[in-house]
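Let's take a walk through this structure together, one stop at a time. Keep the 3D view open as you read.

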Amino acid sequence: MNWQRFKKWAHVTPEQWNDWRWQYQNLVTTPEELIELFPEFEQEVEDIRLTLGKYKFSSSPYYLSLIDPTNPEDPIKLQTVPSRLEMNIEAGVDRRDPLAEDRDMPVPGLVHRYPDRVLFLITEICTLYCRFCTRRRVILEKESHIDRQIDQGIDYIKKNPHIHDVIISGGDALVVGEKLLESVMSRLRAIPHINIIRLGSRIPPVCPMRITPELVNMIKKYQPVFFMTHFNHPFEITPEAKKACALLVDNGIPVMNQAVLLRKINSCPVVMRKLCYDLISMRVKPYYLYQCDLSEGIGHFRTPVAKGIEIMESLRGHVSGLAVPTYVIDAPGGGGKIPLGPNYLMSHSDHKVILRNYAQKIYEYNEPLETDCRCSTTEAIKKALDVQTQS
Ligand SMILES: *Cc1c(COP(=O)(O)O)cnc(C)c1O
Ligand code: SF4
């Protein structure tokens, strides 16, 4: 990336720029630094100051360097630069905690919503504070923080043998420092009923140089680990980001992407198709596409649900199935993720279903006469599972 075009960073060497420590030592966190880099945003500085009265701001130099300042609706800018629209709270729509995460926390920072997996929030810190963050109430608000109780969380997981999958997130799972992260991962791995560990992190698009061989060697000691990342726009897929993802995948750590559908950023079939295609081309699986939540102050990022369905329609069948994510709404009130998409089932009778395909052609499928679908192995597998959860 061409960082030398910024006066502030003209003297920065490639060694410094590509060192995550330099990136972290030079995070941009004030409106003044932002305007120094982008005099084009001068008119917005009062709005930015107003919003920063309540909310945090931070970005890596690397991520800011991806902004095209001549485009007022640049997708990287919209994700990074505070807007006064964030101060709008729409009565009757916006909610502080739309997913009722606080209600489903048996231990502060641990969300236990589904039977077999938990979301473990170990920090409220992020390298980039995404303006659309669903967890704004704890991540972006200056006055708030996550009451993180890591020891208590691990104890809870230990005592609940039904939990097999732990999503370490926050904030950003990778900002806590390698020592703390490793201590959490190793303590989880020592619990016999824990199978999958996931790491939730926006570092690959935001500060890809942080994905070092040392970090990856640490992570891979605790396999099976899935790396859940968050790219929202094809312009985030740079040579640096590709290198970071390749390092993870080459070391046997699958990388999955959870994008958010964001108005004016990726809210059209062309942009989304390019994003999904570029992701799968670097071996990152598009996993979820989230409808934007009802959190306070992010109404300007929301798209109609019909737009999400239209985008899904434009993907399925038209691009490699590997590139197609599942479009979900995280149900307001804490109902969990609900998948949505175009309807391909036109009618369903006892003996026949009528379907349509991606190209709008109609097909018939004849149902079998035999409907007994019981498997001979069910009881044996159930018994084995019971033994496992009891031990
Ligand atoms: C999204 C989420 C999960 C994980 O859901 P998957 O569908 O398994 O990816 C788990 N717990 C909570 C609270 C979540 O929001
Ligand atoms: S990285 Fe994730 S948790 Fe952090 S601000 Fe962005 S969306 Fe929120």
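Where does H351 lie? You'll find H351 in the loop between β10 and β11. One thing to keep in mind as we go: this is a predicted model.

So, is H351 buried or exposed? With a relative accessibility of 52%, H351 counts as exposed, because the cut-off for that label is anything over 50%. Setting aside neighbours within four places in sequence, H351 is in contact with Y365, N366, E367 and L369. Take Y365: it sits 14 residues from H351 in sequence, and the two C-alpha atoms are 8.5 Å apart in space.

Now look at the strands on either side of that loop. They belong to an open sheet of three strands, ordered β10-β11-β12, with antiparallel pairing. The edge strands are β10 (345-348) and β12 (362-366), and each of them pairs on one side only. On average, neighbouring strands here are turned by 20° against each other, ignoring direction.

Zoom in on the β1 end. β1 and strand β2 (residues 117-121) run antiparallel and are joined by three bridges. V111 has L119 in β2 as its bridge partner.

The residues around ligand 1 are V111, Y114, R117, L119, I167, R198, Y287, Y288 and K337. How much of ligand 1 does the protein bury? Taken alone, ligand 1 exposes 390 Å², and the protein buries 91% of that.

Next, hop over to H193, found in the loop between α9 (178-189) and β4 (196-200). H193 has a relative accessible area of 14%, so it counts as buried, the limit being under 20%. A polar atom of the H193 side chain lies 2.8 Å from the backbone oxygen of I157. Beyond its neighbours within four places in sequence, H193 is in contact with I157, K158, N160, P161, I163 and H164.

Our last stop is Y55, placed in the loop between α4 (45-52) and α5 (61-64). Y55 is buried too, because its relative accessible area is 1% and the cut-off is under 20%. What does Y55 touch? Not counting residues up to four places away in sequence, Y55 touches E86, M87, R131, R136, L140, E141 and K142. M87 is 32 residues away along the chain, with 9.3 Å separating its C-alpha atom from that of Y55. The Y55 side chain also makes a polar contact with the side chain of K54, at 3.4 Å.

Key
Residues numbered from 1 in each chain as written. Chains lettered and ligands numbered in written order. Predicted model: local features only at pLDDT ≥ 70, side-chain atom pairs only at ≥ 80, totals over all residues. Heavy atoms only, no water. Helix = DSSP H or I, 4+ residues; strand = E, 2+ residues; numbered from the N terminus. Buried < 20%, exposed > 50% of the residue type's maximum accessible area, 1.4 Å probe, protein only. Contact = heavy atoms within 4.5 Å. Polar contact = N/O pair within 3.5 Å; in protein donor to acceptor, adjacent residues only side chain to side chain. Pairing = 2+ DSSP bridges. Axes fitted to C-alpha atoms, helices over the stretch in contact; angles between N-to-C directions. Near = heavy atom within 4 Å. Areas by Shrake-Rupley, 256 points an atom, 1.4 Å probe, with all protein chains shown as cover.
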